[in-house]
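Keep the 3D view open as you read.

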Amino acid sequence: MSLRLKLISALTTILVVAFISVSLFNYNVSRDSARDEIQHSALPLTRDNIYSEMQSGLMRPLFVSSLMANDIFLKDWVAEGETDVVQIMRYLGEIREKYGFFTSFFVSAKTSDYFYYDGVLKTVSKHDRHDVWYYDFVDSGLPYDFDVDSNEAADDILTIFINHRVEDRDGNLLGVTGVGLKMDQVAGLLKTFTEKYSKNIFLVDPEGVVQAHTDKNLIEKLNINDVPGLGSIAREVLDMDRKNPALFKYKNGDETVHLTARFIPEFHWFLIVEQNESIAMKAARDNFIRTLSIGALATLLIIFLSIISINHFQVRLEVQANTDELTGIANRRSFERRVDSAMSKYSKNGSPFSVVLLDIDGFKAVNDTCGHNEGDRVIKEVSGVIDSSIRDSDICARWGGDEFIILVHGDSEQAAIIAERIRSSVENTSVCAEISEKAVEGMIVTVSCGVAQYIVGDTLDSLNIRADNAMYESKDKGKNRVVVA
């Protein structure tokens, strides 16, 4: 068994054994202490989690309405006389679309006009029952509030409005602005909590009227004082200390129901969470099954990611071991293996091969004049030219510094043709022109090439020496040329 397979097997065994052991232990503890856990752990923890998530879900529209109430654009628009309705329509429309709200609005204190994203909906009046909210809110002096009402701008769909006062610098009322959430959205949020925590969850106002519930038919129609069983403790719940959450218990027929409540000051509502004792045991079993299922998926995912990671890093190590870090082409080690393979192939069937050794002319001047960063760019550019000029069967490697070596499967004549193609391409590549413009007058980036064909008895060193001598002969003859050994 390979080391990699042993590692994966050990990881799998540890994960499976650990997860099953922990799951069984948790299940036994839950089964033995379900009642005590409901009263002192599960309900308070669930309540606080829901409270946090509820704040995350409903504080966002409150935050947006606060931003709107303090928006300089809105205040300036009011100060300028509220004449350009298109401006406020576009503003409210952008708020609605950007944050995904059901509606957005502004009610002017000066004109009593109700503006929304499609224009002016109406002029609010104390005689219209739909507008009582506006006058109650203005008279309350509160900076904001939450109000459940039908949305006249959208077929009277039940909506939670987040209202916020808009005042000028002197504290004078300019109007009321805010956004609206479909009650479906809030009901969906509560439904998610109900399914997630296996508990009955809803929101009521200080009078006990249900304001948010998974059953929309109960909203603003049901009072907890009228609910069988719950009604016996409803007054106690509504009179609780609003600074601290509380726990209660009541009988609903033969069933014992545990209840916890917490006042949410931002909404002025009570969050109520109920748990039926008889469901607790089933919940523990279901949780055990879910835990095992999630554990199995997590284990498979971890194993899968581990395999991918191991393979990925193995490939990276192989690449690093065989490529040059700067240019990405082959390095000495990789090139030497290819030459050994070419020699072995030659000894079997006489397939000729040659090497081309080339050096960048004027490279020291580039470094001295333009800096090492520009020098590295030249090396990478030249390596790219070489790589695109050779055949797929050939290989180019960085031999060191500004030297490159190419293994060509063919005789010296074929290698010379390829070397000439490289020389011409380097001379005409854009980087050379850029260097010539940046550097001192007369500086040109070119390459000098030496070609040597393999002969019987050659080693890589001897072959390289002949190619190196040919390359220096090229430099002695004026550079930027190909010389065959």
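Strands here are DSSP runs of E with at least two residues, and they are numbered from the N terminus, as the helices are. With that in hand, bear in mind that you are looking at a predicted model.

Rolling a probe the size of a water molecule over the atoms shows where empty space is left. The structure holds one cavity of 30 Å³ or more, and the volume of the largest cavity is about 110 Å³. Which strands each supply at least two residues of its lining? They are strand 4, covering 144–151, and strand 5, covering 157–167. Strand 4 gives the largest share, with four residues. Sorted by class, the lining has five nonpolar, four polar and three charged residues.

Of the 14 residues that line the pocket, Phe-146, Asp-205, Pro-206, His-268 and Trp-269 are the closest to its centre. By class, the pocket lining has six nonpolar, two polar and six charged residues.

Now follow the chain to a pair of strands. Strand 9 (residues 246–252) and strand 10 (residues 255–264) pair in the antiparallel sense, over seven bridges. To see the pairing, look at Tyr-250, which stands opposite Val-257 in strand 10. Together the two strands form a hairpin with two residues between them. In the turn, Gly-253 has a positive phi of about 70°.

Helix 9 spans residues 332–349, 18 residues in total. From its first C-alpha to its last, helix 9 reaches 26 Å, close to the 26 Å expected at 1.5 Å a residue. Its buried residues are Ser-334, Phe-335, Val-339, Ala-342 and Met-343. Just after helix 9, Gly-350 takes a positive phi of about 70°.

Helix 10 covers residues 363–370, and here Phe-363, Val-366 and Asn-367 are buried. Why do these three lie on the same side of helix 10? They cover an arc of only 95° around the axis, and this puts them on the same side. An α-helix has 3.6 residues a turn, so residues three or four places apart point the same way. Turn to the other side of helix 10 and you will find Lys-364 and Asp-368 exposed. Gly-371 follows helix 10, and its phi is positive, near 100°.

Our last stop is the loop between helix 14 (460–476) and strand 16 (482–484), where Lys-479 lies. Although Lys-479 is not a glycine, its phi is positive, about 65°. Is this residue buried, partly exposed or exposed? Its relative accessibility is 37%, so Lys-479 counts as partly exposed. Asn-480 has its place in the loop between helix 14 and strand 16 too. Asn-480 is not a glycine either, yet it has a positive phi of about 55°.

How values were computed
Residues are numbered from 1 along each chain as its sequence is written. This is a predicted model: local features need pLDDT of at least 70, side-chain atom pairs count only at pLDDT 80 or more; totals for chains, interfaces and linings use all residues. Side-chain values use heavy atoms; hydrogens and water are left out. On a 1 Å grid over the protein atoms alone, a cavity is a set of points where a 1.4 Å probe fits but cannot get out, and a pocket is an open set with protein on both sides within 12 Å along at least five of seven lines; lining residues have an atom within 4 Å of a point. Grid points are joined across faces, edges and corners, and a volume is the space filled by probe spheres set on the points. Ala, Val, Leu, Ile, Met, Phe, Trp, Tyr, Cys and Pro count as nonpolar, Asp, Glu, Lys and Arg as charged, and the others, Gly among them, as polar. Two strands pair if DSSP finds at least two bridges between them. The expected span of a helix is 1.5 Å times one less than its number of residues. Buried means under 20% relative accessible area, exposed over 50%, partly exposed in between (1.4 Å probe, protein chains only). The arc is that of the directions from the helix axis to the C-beta atoms.
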